[in-house]
Amino acid sequence: MKILVTGSSGLIGSEVCSYFAKHGHSIHGVDNNQRAVFFGPQGDTTWRLKELQKSLTDFSHHELDIRDRQNVMDLIKKIKPDAIVHTAAQPSHDKAASIPFDDFDVNAVGTLNLLEAARQFCKDAPFVHMSTNKVYGDAPNNIKLKELENRWDYDDKAYENGISESFSIDQCKHSLFGASKVAADVMVQEYGRYFGMATCCLRGGCLTGPSHSGVELHGFLSYLVKCNIEGKTYKIFGYKGKQVRDNIHSEDVARFIGLFINSPRIGEVYNLGGGKDNSCSILEAFEICESFSGNKQRYEYLDENRVGDHICYYSDLTKIKEHYPEFAFRNSLESTIKQIIIAQSSRS
Ligand SMILES: NC(=O)c1ccc[n+]([C@@H]2O[C@H](COP(=O)([O-])OP(=O)(O)OC[C@H]3O[C@@H](n4cnc5c(N)ncnc54)[C@H](O)[C@@H]3O)[C@@H](O)[C@H]2O)c1
């Protein structure tokens, strides 16, 4: 198959390129290193592009901005991919407020450009879109919580397995990022339901792995490990450092995308994170990281939480496992953190 991957130098995109290349497919990567524009030199993904160019045999890189509608149309018309995996994005909740037009143009309009190009030139190609749990806005914060020694947890039986896809995305605070991703998410569903295309939104929890170019504003574990290894101070924003995220290795995300492309469905939505078993609070992540690196984590506590930040979020994986029973994680939270430490130590 010819697979077109947007955001191909980023965490998820590059993992997807490697995954499909290993399975003998031909890969077309689209990335313009916009992450470096969003986050400065720390967000530069050129190192990852070079790795892909060196290690993958059938990989073509296209330096293209997904906002460039005409060139997106022309590229998809020319390649006519058998599947599209869309991971390019402005990915930061906090950053969006300072660049609202860029955020919406990349996340919402860029997604529409790709969907429409796909409809015109490769309508039968499965289209997988990386969405986010921020489409649920801050509404998960209204669930009754209990405070444990090192973390928050749900204190409501209805959420013992986490947040499911039926959770409301409406009438709550999303951040501008959450709103632009809702627009994209709903449009991806619509191209499925309205035009009968095999589209899918993956509402990610914390997606992580050794290939992330983590920065303070995006890439929770990657940035936390970076601080630990380099002896930098990590800033905790509110909630006593007990805020909980569920973490999934990018390789497991890529494997799920492979399952969906092999057996696609129309206009689907899945929550995809590490689930309860791979969730941790910031304080717990410090502990795991310290146990592997041997370095005491330096941190500073700030009372004010990030606007709209989740106090406790983990994905209910019931639906994804029901639809794709063969899907199982290969990487636990501990092993993922260990891999990030090893990779970052060798890069620094
Ligand atoms: N990492 C997470 O924790 C997380 C959580 C939930 C959802 N997601 C979603 O998953 C997707 C991938 O996230 P990631 O962590 O791999 O991000 P990333 O920033 O590592 O990768 C995104 C890539 O897209 C590229 N890009 C950005 N704008 C572009 C544009 N206009 N044209 C072409 N390329 C462009 C960037 O240069 C970057 O290489 C995003 O949609 C993000 O919202 C990520």
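The second largest pocket holds about 160 Å³ of space, a volume being the space filled by probe spheres set on grid points joined across faces, edges and corners. Welcome to this predicted model, where local features need pLDDT of at least 70, side-chain atom pairs count only at pLDDT 80 or more, and totals for chains, interfaces and linings use all residues. Residues are numbered from 1 along each chain as its sequence is written, and side-chain values use heavy atoms, leaving out hydrogens and water.

**The second largest pocket**
- Its lining includes Asn161, Lys276, Asp316 and Phe329.
- A pocket here is an open set of points on a 1 Å grid over the protein atoms alone, where a 1.4 Å probe fits, with protein on both sides within 12 Å along at least five of seven lines; lining residues have an atom within 4 Å of a point.
- By class, two lining residues are nonpolar, six polar and four charged.

**Around the ligand**

- A polar side-chain atom of Asp31 sits 2.6 Å from a ligand oxygen.
- For Lys181, an N or O atom in the side chain is 2.7 Å from an oxygen atom of the ligand.
- Gly10 places a polar backbone atom 3.2 Å from a ligand oxygen.
- The protein covers 97% of the 830 Å² of accessible area that the ligand has on its own (Shrake-Rupley method, 1.4 Å probe).

Terms used. Polar contact = N/O pair within 3.5 Å; in protein donor to acceptor, adjacent residues only side chain to side chain. Nonpolar A, V, L, I, M, F, W, Y, C, P; charged D, E, K, R; others polar.
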